Amino acid sequence: MIAFALAVLLLLITPGPGVLSLAGVGAAFGWRQGISYLSGLFIGNNLVCIAVISGLATVLLANPSIRMTLLIISATYLGYLAFRIAFSDAKIAFIQMPKPGLVTGTTIQLINPKAYAVHITLFSGFAFYPNDFFIETAIKLLIANVIWIFIHFLWLYLGVEINQLKLPEKVQRNINVFMAICLLAVVGLSVWSIIG
């Protein structure tokens, strides 16, 4: 169970579309809109969990044409977001979007390839209660959601706070480029995991 919790922490803390966009919403719109967007991410994240646990994700991803279509859509979208971040003005961009809320957050998670990869890894491994699939799955969901909420509130807080800092223009540009590279790395890993 401790290994599972550590794996959740390590897999969720790395920058991905969800946390980067959440920080951007916090920076651009503040706490109130950030909480609405975070709620959407949370719903979407748990829908992905259900898809993985029920086997629906496996059935869909087993079809090469569906898998490739989802990969192309996700990679294109994430590449576009990375481009927007890297070539934004000097102001730290994270990911800016108009009126983000519950529906936008849910949608982002449903097309987020990192979410599927993370949950397939977590729910197919780490058998710490092999005698009862239901109990083990319920405990995994509880642990994963507690850590997920903590990490995502931390990213939202960072977004809200970093917007208030008076960082030099060059530092802000470097942060944008770094975030863009992180998103492209997520795209690269997603492509590699499906093709490789």
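User: Which residues does Thr106 touch, not counting residues up to four places away in sequence?

Analyst: The model is a predicted one. Thr106 lies in helix H5. With neighbours up to four places away in sequence set aside, the residues that Thr106 touches are Gly40, Leu41, Ile43, Gly44 and Leu47.

User: Is Thr106 buried or exposed?

Analyst: A residue is classed as buried when its relative accessible area is under 20%. The relative accessibility of Thr106 is 13%, so this residue counts as buried.

User: Where around the axis of H5 do its buried residues lie?

Analyst: Helix H5 spans residues 102-110, and its buried residues are Gly105, Thr106, Ile108 and Gln109. These residues cover an arc of only 160° around the axis, and therefore they lie on the same side of H5.

User: What span does helix H6 reach from its first C-alpha to its last?

Analyst: Helix H6 comprises residues 113-124, which is 12 residues. At 1.5 Å a residue, a span of 16 Å is expected, and the computed value is close to this: 16 Å.

User: Which residue with a positive phi follows H6, and which residues of H6 are buried?

Analyst: H6 is followed by Phe126, whose phi is positive, near 55°. Within the helix, the buried residues are Pro113, Lys114, Ala115, Val118, His119, Leu122 and Phe123.

User: Which element gives the most residues to the largest nonpolar core?

Analyst: The largest nonpolar core has 30 residues, and Val8, Leu12 and Leu122 have the most contacts inside it. Two or more residues of this core come from each of helix H1 (2-13), helix H2 (17-54), H6 and helix H7 (133-162). The element that gives the most, with 12 residues, is H2.

User: Which residues does Val8 touch, not counting residues up to four places away in sequence?

Analyst: Val8 is one of the residues with the most contacts inside the largest nonpolar core. Leaving out residues up to four places away in sequence, Val8 touches Leu122, Ala144 and Ile147.

User: How many cavities of 30 Å³ or more does a search of the whole structure find, and what is the volume of the largest?

Analyst: The search of the whole structure finds 1 cavity of 30 Å³ or more. The volume of the largest cavity is about 130 Å³.

User: Which elements give two or more residues to the lining of the largest cavity?

Analyst: The largest cavity is lined by 15 residues, and those nearest its centre are Leu12, Gln109, Asn112, Lys114 and His152. The elements that give two or more residues to this lining are H2, H6 and H7.

Methods: Residues are numbered from 1 along each chain as its sequence is written. This is a predicted model: local features need pLDDT of at least 70, side-chain atom pairs count only at pLDDT 80 or more; totals for chains, interfaces and linings use all residues. Side-chain values use heavy atoms; hydrogens and water are left out. Buried means under 20% relative accessible area, exposed over 50%, partly exposed in between (1.4 Å probe, protein chains only). Helices (H or I, at least four residues) and strands (E, at least two) are DSSP runs, numbered from the N terminus. The arc is that of the directions from the helix axis to the C-beta atoms. The expected span of a helix is 1.5 Å times one less than its number of residues. A nonpolar core is a set of buried Ala, Val, Leu, Ile, Met, Phe, Trp, Tyr and Cys residues joined through side-chain atoms within 4.5 Å. Contact means heavy atoms within 4.5 Å. On a 1 Å grid over the protein atoms alone, a cavity is a set of points where a 1.4 Å probe fits but cannot get out, and a pocket is an open set with protein on both sides within 12 Å along at least five of seven lines; lining residues have an atom within 4 Å of a point. Grid points are joined across faces, edges and corners, and a volume is the space filled by probe spheres set on the points.
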